[in-house]
Amino acid sequence: MVTRGFFSGRRPPSDTDARIPPGQYLEQGFPVLSAGPTPRVRTEDWSFTLKQGPKPLKKWNWAEFNALPQSKMTRDIHCVTAWTKFNTPWQGVMIDDILADAGIEPPTAYTLALSFDGYSTNVPTKDLVTGKAMVALLYEGKPITSDHGGPARLLVPHLYFWKSAKWVNGLQFTERDEPGFWELRGYHMYGDPWREQRYSSDP
Amino acid sequence: MTAEPSPQSPWQAATITRIEKRTPRVTSFWFQPSRPFAHLAGQHVDIRLTAPDGYQARRSYSIASASETGGGVELAIERLDDGEVSPFFHDVAAVGDEIELRGPLGGHFIWEESDGGPILLVGGGSGVVPLMAMVRHRTLRNNAVPVALVFSARVWDEVIFRDELIGLDDRRDGFDLVLTLTREPARRPSDYSRRVDARMMAQAIKRLPKAPRLAYVCGSNAFVSAAADALIGAGVPAGPIRTERYGV
């Protein structure tokens, strides 16, 4: 349905068009969204735990985690609130390297990312491994600020950005695909921006 | 939660039935969806505009009206000068136009009667919109849950829904309005003239018969960060604080 009188849309430059998923617009800033107050997690209180169901598999403190091999990822990110930001530069620990340090293969097909503020989000395990995702520690070469999820946030850039949990403190492998915080509140279980999987009713 | 009867498209045409300027920068638009729906106070809709060449722009807008009112949904849209969608509404949209809309959406920043109270609402600028839906829902349901609304605006003339809010405040039915103006002196004895802070939050909480069961904070990111920190500074635990931030 064409909207009467709507012409001057802010079309992206044609050379970037193919990088913007349907229904998204290009944002130069870096908007902040969250369901509650920003937790200020001190690195001395920080930890990261791998769990299978309720059972902890391995836990790292801040120094131990920072000693893991670090990688860089520069990616376009897509927020379900319709903004897309190009070329966001992150540095952190690939999920592959976290699993390697724990000496395990992914035990189940599904994962819940868990956060200090009680947030959670579900991601299929295959979307976290083989170089697809990291626990990011730096943004633009500097520690991630608390409003952007610092000290550490999950980065799963090929899914809508609510999957990239802020203030992440662990991954829990689950037998079933268990909905997380927003997935229990009407948002899509998978969240592929290229298929516009925003809400639970989207195919 | 959305429960769409698939395979129908979640998008539907809605007709603009009324337009009313609220403040110099905020105008309310009433939309009558072709498939009417009930919504929860605090939910939003997505709006999609389509250019003749197929280019689309979509944005989310909170619903200001309560479902009890009927007659479609009211969206109070702030004009953002560098915006893409809000200038269209302010400059082009007219009564009778059809706009594509999807919703209601959102399952977190909502208040239902079963959530109980007291509740503390904190809004900055057009962040008051979803809070207004909660206030209206409570009023139209004759619900007695104590509510304090702290509403920060730059100046008196930018207090959206001002007359309606003051009218509700005057009823003394458990709804308490606290205005704070950041660029003008306070106009009412109980109001403030500064940015929100922990002391203001502590005083707002004292207007409630007991500590808030839930607190809802909505506005720009900077406002929400400051207000949420102020609530925590006033002794409210993080758990009951729900926030909704405009992206920027």
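## Chain A at a glance

Chain A holds 2 helices and 11 strands, where helices (H or I, at least four residues) and strands (E, at least two) are DSSP runs numbered from the N terminus. Reading from the N terminus, its elements follow the order β-β-β-α-β-β-α-β-β-β-β-β-β. The radius of gyration of chain A is 17 Å, close to the 17 Å that the globule rule gives for 203 residues, so chain A is as compact as a globular protein of that length. Here the radius is taken over C-alpha atoms, and the globule rule is 2.2 Å times the number of residues to the power 0.38.

Before going further, please keep in mind that this is a predicted model: local features need pLDDT of at least 70, side-chain atom pairs count only at pLDDT 80 or more, and totals for chains, interfaces and linings use all residues. Residues are numbered from 1 along each chain as its sequence is written, while chains are lettered from A and ligands numbered from 1 in the order in which they are written.

Along the principal axes, the C-alpha atoms of chain A fill a box of roughly 60 × 35 × 35 Å. Of its 203 residues, 39% count as buried; a residue is buried if 20 or more other C-beta atoms lie within 10 Å of its own, exposed if 12 or fewer, and partly exposed in between, with C-beta atoms placed from the backbone. Among contacts in chain A between residues at least 6 apart in sequence, 63% join residues at least 24 apart. Two residues are in contact if their C-beta atoms, placed from the backbone, lie within 7 Å.

In chain B you will find 5 helices and 11 strands. Its radius of gyration is 18 Å, close to the 18 Å that the globule rule gives for 248 residues, so chain B is as compact as a globular protein of that length. The C-alpha atoms of chain B occupy a box of roughly 55 × 35 × 30 Å along the principal axes, and 47% of the 248 residues count as buried. For contacts in chain B between residues at least 6 apart in sequence, 71% link residues at least 24 apart.

Chain B is divided into domain 1 (11-105) and domain 2 (113-245), with bounds that come from an automatic or database domain assignment. The C-alpha centres of domain 1 and domain 2 of chain B lie 24 Å apart. Where they touch, 16 residues of domain 1 of chain B are in contact with 14 residues of domain 2 of chain B. The domain 1 side of this contact has 7 nonpolar, 5 polar and 4 charged residues. In these classes, Ala, Val, Leu, Ile, Met, Phe, Trp, Tyr, Cys and Pro count as nonpolar, Asp, Glu, Lys and Arg as charged, and the others, Gly among them, as polar.

## Where the chains meet

The contact between the chains takes 39 residues from chain B and 32 residues from chain A. On the side of chain B that touches chain A, β3 (44-50), β4 (56-62), β6 (98-105), α5 (221-233) and β11 (241-245) each supply at least two residues. That side of chain B divides into 17 nonpolar, 12 polar and 10 charged residues.

## Helix packing and the end of chain B

Helix α5(B) also meets α4 (residues 198-206) of chain B: their axes come within 8 Å and cross at roughly 65 degrees. These axes are lines fitted to C-alpha atoms, for helices over the stretch in contact, and angles run from 0 to 180 degrees between N-to-C directions. From α4(B), A198(B), M200(B) and M201(B) meet A230(B), L231(B) and G233(B) of α5(B). By class, this helix contact has 5 nonpolar, 1 polar and no charged residues.

In the segment after β11 of chain B sits Y246(B), which is buried, with 22 other C-beta atoms within 10 Å. Leaving aside neighbours within four places in sequence, Y246(B) is in contact with S220(B) and N221(B).

## Backbone details worth a look

Most residues other than glycine have a negative phi, and most peptide bonds are trans. In chain A, a cis peptide bond joins G150(A) and P151(A), with omega about 10 degrees; P151(A) lies in the loop between β9 (142-143) and β10 (153-155) of chain A. In chain B, a cis peptide bond joins G103(B) and P104(B), with omega about 0 degrees, and P104(B) is placed in strand β6.

N142(B), in the loop between α2 (128-140) and β8 (147-153) of chain B, has a positive phi near 50 degrees. N142(B) counts as exposed, with 7 C-beta neighbours inside 10 Å. R172(B) has a positive phi near 55 degrees and lies in the loop between α3 (162-170) and β9 (175-181) of chain B. R172(B) is exposed, with 8 other C-beta atoms within 10 Å.
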